[in-house]
Amino acid sequence: MNHSQRPPKPIGAPADALSADLDPTDWEAFRAESHRALDQMIDHLATLRERPVWREPSAEARERFRRPLPAEGRGLAAALDDFERFIQPYANGNIHPLFMGWAQGAGTPVGMVAEMLAAGLNSNCGGRNHIALDVERQIAAWMAQAFGFPLDASGVFVTGTSIANFLSLLVAREHALGDKNVRKNGLKALEEQLVAYASREAHNCVRQAMELAGLGARHLRLIESDGARSLRVDELRRAIAEDRAAGLHPFLVVGTAGSVDTGAIDDLDALADIAKAEDLWFHIDGAFGALAVLSPALKPLVKGLERADSVAFDFHKWLHVPYDAGFFLVRDPEAHRRAFAANAAYLTRAPRGLAAGEIWPCDLGADLSRGFRALKTWFTIEVFGTERLGACIEKSCALAQRLRRNIEASGTFEMRAPVALNVVCFGVKDDDEAGRLNREIVMELHESGEAAPSLTLLDGHPTIRAAIFNHRTREEDIDAFMLMLERAAQRARGEPPLEPLPEPREDGEPLSQD
Ligand SMILES: *Cc1c(COP(=O)(O)O)cnc(C)c1O
C-alpha cells in the first residue's frame, strides 16, 4: 500500500468527513450565545417568585418533543430558543419557595455554576489519577467528620439514596457471608436465608434493594412503629429472635433518620446496641435527616448516627446541591471495597502516571463511567460553609412548626402526624375515607400554580404532606400557604370563596402584589 496516498473516502460520507468535530467554528459567537444562556438562567432564578410553582406543559411544548431524529443540526442559538420557550416554563418547580412536595432540594445559583465548570472539564470519575478523585475523597472525609465517623471512612457518590441503600445491602451481604464467597457462587449456594430489618416507615427503596439483590422483599421484616413513628425496638428484638429460631440468618438492620412520609427518626442508639449484640450490619437511611448534624440544635435528634456501619444520604435534598448527588459512606473502608473491587485488565493500576492510584471509585460501587458530582458538592460546602447550610436546615424545621401551628389553629384542617423535622402531614377534618377533599386540594394547588404540596397515605388515609426543604421559603410563604389551603378547601367543596381569587395570571406577571 502506498502510504503517501490517503485512502479513498468511504462512499456516501460527507465531503468534510475527515475534518468533522464538535467545537464552535466561531468561538466569539459561541461566547456571546453562552453568556446569553447564563444570563437567561440567572434572570430565571432571580425572578422565581413571580411565576407559578408549576404549569402543565402546553400541547405545543409536548409536540416539540415528538419529532423525528434530526440529521442536520440547527445550532446552539435555535436550541436555546427552544429551551426558553418549551422547557424552562414547564420544569418540575422544586426551585420555587412554595414547592413542598415529596422530598426535594431547591438547588442554588452556585451549584449551577459548578455544574457548568464540571461539564467543561468533563472528567470521568470512575478512576485514575486526577484531581477530581481528591475532591470526592475530600467530601467523604468532610462527611465522616460531620457524622463522627473515623476520618478514613470510605465514601462514593451515587445518583441518590435509593442506590446508596442498595449498595449498603451488598456490602452488608458480603460482610455477613465473607467466607462463602457469594460474589462468585451466588445466593443459591447458601444454606441459610438472609433476613433484614427496617421500620414500616422505611422508604420503599429498601424493599426494592432486597428485590434487586436477589434476597427477596419477603425477607425484609417491616417492624411496627410507635406513636412517634419510630421503629419499635422491642418488636425488632422479637423479630430477630423469631427468625433465628426458624433457622434464618439475620444480617442487616436499616435505621431511618428522617422518614420520607413524616420525617420520623428511629432510636439510632438503641438500633446500634441491637446490631452490635446480634452481629448485624447497621445501616442508616439518612437521605435528608442525616444532614441534621449540620445544625447544633438538631444534631441530638440523630444521636447514634456516629455508630452506624454505613449511611446513605443525599446532598441534593437538604443541602441543595443540583441533582443528582447521593452519597454512600462506610465506616470500614476494607469492607466497602471487598463488596465491589474487581480485577479487569483494562482497569489495571500503574505505579505512576494517569493509571496510578490504589482505590478508585469504581472499586466502591457498580458505576464505572461517572461524572464529577463532587465538584458541585464541594462548591456548595466551600461557598456557604456548614454553619449557613445548617441554619437553612434549622429554618425549614422552624417553618414546619409554624405550619403545624397554623394547621392546629385552622377550623378546616387537622394534623395527622407529629412533626419531627421538616415534614407536616395534615388533612381536612371531615374528609371521607377515600380522602376526596385532600386529593382535590393538592391537585387544585398544583394546577393553580400557587403551591405544590404532595399527597401520601398515612395508615391507609390520603394525607396532605408539606415537606419544607427549600432554603428560599419564608414565614410569609408559610402563612400565605395556609390561606391558599383554606381557599382550595372551599373550592374543593364547591363553596364560594371568601375573598375573590387572584385574576388568572399571564406569563411573567407577579403572583400577588402587596
Ligand atoms: C428521598 C429518600 C430516599 C430516596 O432517595 P433518592 O435520592 O430519591 O434516591 C430514600 N429514603 C428516604 C428517607 C428519602 O427521603
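Trainee: What should I know before I start?

Mentor: Residues are numbered from 1 along each chain as its sequence is written, and side-chain values use heavy atoms, with hydrogens and water left out. The model is predicted, so local features need pLDDT of at least 70 and side-chain atom pairs count only at pLDDT 80 or more, while totals for chains, interfaces and linings use all residues.

Trainee: Let's take a helix. Which residues of α1 are buried?

Mentor: First the general idea: an α-helix has 3.6 residues a turn, so residues three or four places apart point the same way. Here, helices (H or I, at least four residues) and strands (E, at least two) are DSSP runs, numbered from the N terminus. Helix α1 covers residues 27-46, and its buried residues are Q40, M41, H44 and L45. Seen down the axis, they fall within an arc of 135 degrees (taken from the directions from the helix axis to the C-beta atoms), so they line one face of α1. Buried means under 20% relative accessible area, exposed over 50%, and partly exposed in between, with a 1.4 Å probe and protein chains only.

Trainee: What do those buried residues pack against?

Mentor: They pack against α3 (76-87) and α4 (109-121), where contact means heavy atoms within 4.5 Å. The face of α1 turned away from the buried side carries the exposed residues E28 and A46.

Trainee: Where is the lysine that UniProt annotates?

Mentor: An unreviewed UniProt entry places "modified residue: N6-(pyridoxal phosphate)lysine" at K317; such annotations may be inferred rather than shown by experiment, and positions follow the numbering used here, with feature names shortened. K317 sits in the loop between β6 (310-314) and β7 (326-330).

Trainee: Is K317 buried or exposed?

Mentor: K317 counts as buried, at 12% relative accessibility. Leaving aside neighbours within four places in sequence, its contacts are A103, Q104, G105, A287, F288 and F469.

Trainee: Which backbone features stand out in that loop?

Mentor: In general, most residues other than glycine have a negative phi, and most peptide bonds are trans. In this structure, a cis peptide bond joins Y323 and D324, with omega about -10 degrees, and D324 is in the loop between β6 and β7. H320, in the loop between β6 and β7, has a positive phi near 65 degrees and is buried at 4% relative accessibility.

Trainee: What is the phi of W102?

Mentor: W102 has a positive phi of about 50 degrees although it is not a glycine. W102 lies in the loop between α3 and α4 and is partly exposed, with a relative accessible area of 45%.

Terms used: The expected span of a helix is 1.5 Å times one less than its number of residues.
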